[in-house]
Amino acid sequence: MNKLLLVCLLVFAPVSIASADLKVAVIDLGKAFEQYYKTKEENTALQEKKAGYQKEIQGYKDNFDRMIQEADALKKASDDPTLSAQARQDKATALNEKNQDLLNLKNEIEERSTERSHELEEELLQEHKAIVDDISKVINSYAGPQGYDLVVDKSSISAGSGVPIFLYNSSKLVDITADIVTLLNKTAPAGGGTGSSGSAPSGAVPAGP
């Protein structure tokens with residue numbers, strides 16, 4: 001038993017020694033993401049594009065409502081006993097055509113809505129990836145010269161359980177979040193806010209990678 005214990009100590013000793021020599025820093029990647037000026041710019045751009053798409057779809061819906069009123073008028077006319085049989089037949093024919101136009105427009109509204117929604121989602125994912133790539137590059141260029149062997153995201157959440165991956169980190173570890181945010185915002189346009197702006201607007205780039 002003592003021999004087995006000695007073997008285990010010898011096996012794990014190099015790992016313990018190597019771990020003790022590691023220089024580790026932590027970062028709140030969610031906060032860095034939120035406070036990066038490009039995140040805020042993309043939030044604004046996506047909100048403007050979303051508003052434009054909503055206006056476009058609303059135009060189709062307004063036209064649909066107008067056609068509904070026209071169809072109602074044709075239905076009443078086709079049932080009007082004061083009109084001649086031919087006139088009522090003409091109104092009924094026009095009503096059938098209007099109903100087909102309504103069906104076509106309804107399908108087009110649904111297709112356009114789905115298409116625009118997918119476009120926004122795709123752009124959101126692309127911009128999200130671009131921002132995370134920016135942050136990763138800054139962390140890598142910062143950590144090496146500072147002598148860090150490992151940088152840990154303390155805001156990481158487990159996809160499976162929804163709980164933080166790192167449940168505890170010592171206060172002895174250096175938090176480089178503020179330094180990374182400063183470096184990210186060095187190229188921010190003059191007058192652009194670079195501090196925390198609170199919750200992102202609905203449909204915007206989500207605050208966190």
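## Salt bridges around Arg116

A salt bridge is a side-chain nitrogen of Lys or Arg within 4 Å of a carboxyl oxygen of Asp or Glu. Glutamate 115 and arginine 116 meet this rule through their side chains, at 2.8 Å from N to O. The model is predicted.

The two partners differ in cover. Glutamate 115 is partly exposed, with a relative accessible area of 38%. Arginine 116 counts as buried, at 14% relative accessibility. Arginine 116 also lies over the face of tyrosine 53, 5.1 Å from the ring centre.

## Overall layout

The protein chain holds 5 helices and 3 strands. Along the sequence they follow the pattern α-β-α-α-α-β-β-α. Of the 209 residues, 27% are buried. The chain exposes about 13,600 Å². Carbon and sulfur atoms supply 56% of that area.

How many of the contacts between residues at least 6 apart in sequence join residues at least 24 apart? The share is 84%.

## The strands

Strand β1 covers residues 24-27. It pairs in the parallel sense with strand β2 (residues 150-153), over 4 bridges. It also pairs in the parallel sense with strand β3 (residues 174-175), over 2 bridges. Alanine 25 takes part in both pairings: its bridge partner in β2 is valine 151, and in β3 it stands opposite valine 174.

Is β1 covered on one face or on both? Both faces are covered. In a regular strand the side chains alternate between the two faces of the sheet. Here Val24 and Val26 lie on one side, Ala25 and Ile27 on the other, and all are buried.

## Salt bridges across the chain

The count comes to 13 salt bridges. One of them joins glutamate 70 and lysine 98, with the closest N and O atoms 2.6 Å apart. Glutamate 70 belongs to helix α3 (residues 37-78) and lysine 98 to helix α4 (residues 85-143), so the pair ties together parts 28 residues apart in sequence. Lysine 98 counts as buried at 18% relative accessibility, because the cut-off for buried is under 20%. Glutamate 70 is partly exposed, at 28%.

Another salt bridge links the side chains of lysine 154 and aspartate 175, at 2.6 Å from N to O. Lysine 154 sits in the loop between β2 and β3, and aspartate 175 in strand β3, so this pair ties together parts 21 residues apart in sequence. Both partners are partly exposed: lysine 154 has a relative accessible area of 31%, and aspartate 175 comes to 36%. Elsewhere, salt bridges with shared partners join Glu56, Glu108, Arg112, Glu115, Arg116 and Glu119 into one network.

## The aromatic pair

The count comes to 1 aromatic pair. Which residues form it? They are tyrosine 36 and tyrosine 37. Their ring centres are 5.4 Å apart, with 85° between the planes. The arrangement is edge-to-face, because planes over 60 degrees apart are classed that way.

Both tyrosines are buried. Tyrosine 36 has a relative accessible area of 4%. Tyrosine 37 stands at 9%.

How values were computed:
Residues numbered from 1 in each chain as written. Predicted model: local features only at pLDDT ≥ 70, side-chain atom pairs only at ≥ 80, totals over all residues. Heavy atoms only, no water. Buried < 20%, exposed > 50% of the residue type's maximum accessible area, 1.4 Å probe, protein only. Pairing = 2+ DSSP bridges. Contact = heavy atoms within 4.5 Å. Areas by Shrake-Rupley, 256 points an atom, 1.4 Å probe, with all protein chains shown as cover. Phe/Tyr/Trp six-rings, centres within 6.5 Å; stacked < 30°, edge-to-face > 60°. Lys NZ or Arg CZ within 6 Å of the ring centre and 35° of its normal.
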